[in-house]
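Open the model in your viewer and keep the selection tool ready. Each stop below says what to select and what is there.

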Amino acid sequence: MAEEQTQDQNGGGVATSQDSLSVTDNRTGETYEVEITDGTVKAMDFRGIKVDEDDFGLMTYDPAYTNTAHCRSDITYIDGAAGILQHRGYPIEQLCEQSTYLEVAYLLIHGELPTRQQLDDWVHEITVHTYIHENIKSFLDGFRYDAHPMGMLLSCVGALSTFYPDAKKIDDDFERHIAAVRLIAKMPTLAAFAYRHNLGLPFVYPDNDLSYPANFLSMLFKMTELKYEPDPRLTKALDVLFILHADHEQNCSTAAVRNVGSSQVDPYSAVAAGVAALYGPLHGGANEAVLRMLDRIEKKENIPDFLKGVKDGNERLMGFGHRVYKNYDPRARIIKKNVDEVLEVTGKNPKLEIAVELEKHALDDEYFTDRKLYPNVDFYSGMVYEALQIPTNMFTVIFAIPRTSGWIAQWMEMLDDPDTKIARPRQVYKGERDREYVPIEQRG
Ligand code: CMC
């Protein structure tokens, strides 16, 4: 099947249990019937295909999981060909327009939109869990002044498991719930403290009168004023970015959370694995890489030379391309609108002009159109962060804050799935066998 086929075509539930696949093994001439369910075949059904009794059986080979569904999920639907993204069935455009990040977090975790009372209780719970244990400040003090904030966040999230040892009772509903609340509540505090550590500034404690995004901006930027009150348009823009980053089905970091969580470790350790995966430049680190790329391009006149370098394979056009979207990433479309609104408040950013021109050139170039490479969520998000005066090395940290709700929702779904077992892939061994050990003096 072509990679760009939609989820409906390749797993959205069109197949019935009567569907099957006939496979003839040309090594033996045997034919096998393999059941097709939800547009998938079970890799284990191939194990019975053998050349003889001693044969281990056939395995599937898919190093980057490019065509392997590793779970069933009800959380996020993506149709990569049509550029559709929905959470629990609600289109991302409507959520960005009408909801808030905390409501979307509730939706992802609980499966339904909350009633007014449920939302109020949820927001209250998150708000009263924003403080972190004072000892965490001592860890942060141990980092060098220029430590990357993503490295600091990663360590602190992992460390949370030592403060809440009961979180290892992963079958206890209360423990699961309170871990979800704590993670969502404390992530902005940890992120802001890492930022303040880089600047050598005193930490700003959470302000429970402020909304979730406004409190984060306060913890980042408050100085001597008695109360930090950000422009509501900027707060809204940040909240929309949080919604856009909340979940994105089985990407690298979510798969990491599920894989690590399948060992039945506590949720803080599983989420720390997600933070680590997100750090990479091909994943959450791309937003930081986009800004560095725009800095290097410097001015519009340099775009053709830059794109030549990309086409010659010397570098990547960061913020372009996606494993699933073979069309404009719907999140990029919303962010682009968001950038314009933010820049109305903060003033022009010359990098935006370079980015818009770069996008135009790329979308006019067969190299990119033939490969279905379009802007992804990270192409414009950095522009909003920069307008909010957030430094480049904080961009991925800000991605991690809202993605925490998606990681938790996926972690909970994984635990409740009767098909879940500890993740343990196979390998095709191609190395040497049965060698005699050679003492060091006899080696050539
Ligand atoms: N610039 C130039 N060429 C590209 C790019 C790019 N950004 N992305 C893909 N290609 C080419 C690639 O070289 C390959 O060409 P060929 O067929 O000639 O070998 C073809 O397009 C297919 O690419 P691929 O690497 O097989 O695609 P993939 O699905 O493995 O990778 C990706 C997806 C997102 C890692 C990749 O597109 C990429 O590296 N993009 C830049 C990094 C980026 O923006 N990442 C953020 C992703 S969205 C947010 C998130 O998930 O965190």
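Select strand 5, residues 84–87, together with strand 6. Two bridges join these strands, which run antiparallel. This is a predicted model.

The strands form an open sheet of three, in the order 4-5-6, with antiparallel pairing. Which strands stand at the edges? Strand 4 (76–79) and strand 6 (90–91) do. Each has a single partner strand, so one side of each is left without a neighbour in the sheet.

Now colour helix 2 (92–98), helix 9 (232–244) and helix 14 (330–346). Each supplies at least two residues of this pocket's lining. Helix 14 gives the largest share, seven residues. Colour the lining by class: six residues are nonpolar, one is polar and seven are charged.

Last stop: helix 18, residues 395–416. Is helix 18 largely enclosed or left open? Of its 22 residues, 20 are buried, so the rest of the structure largely encloses helix 18.

Check the span of helix 18 too. At 1.5 Å a residue, its 22 residues should span 32 Å. The end C-alpha atoms are 33 Å apart, which agrees. Finally, centre on arginine 403, where helix 18 bends by about 40 degrees.

How values were computed. Residues are numbered from 1 along each chain as its sequence is written. This is a predicted model: local features need pLDDT of at least 70, side-chain atom pairs count only at pLDDT 80 or more; totals for chains, interfaces and linings use all residues. Side-chain values use heavy atoms; hydrogens and water are left out. Helices (H or I, at least four residues) and strands (E, at least two) are DSSP runs, numbered from the N terminus. The expected span of a helix is 1.5 Å times one less than its number of residues. The bend at a residue is the angle between axes fitted to the seven residues ending there and the seven starting there. Buried means under 20% relative accessible area, exposed over 50%, partly exposed in between (1.4 Å probe, protein chains only). Ala, Val, Leu, Ile, Met, Phe, Trp, Tyr, Cys and Pro count as nonpolar, Asp, Glu, Lys and Arg as charged, and the others, Gly among them, as polar. Two strands pair if DSSP finds at least two bridges between them.
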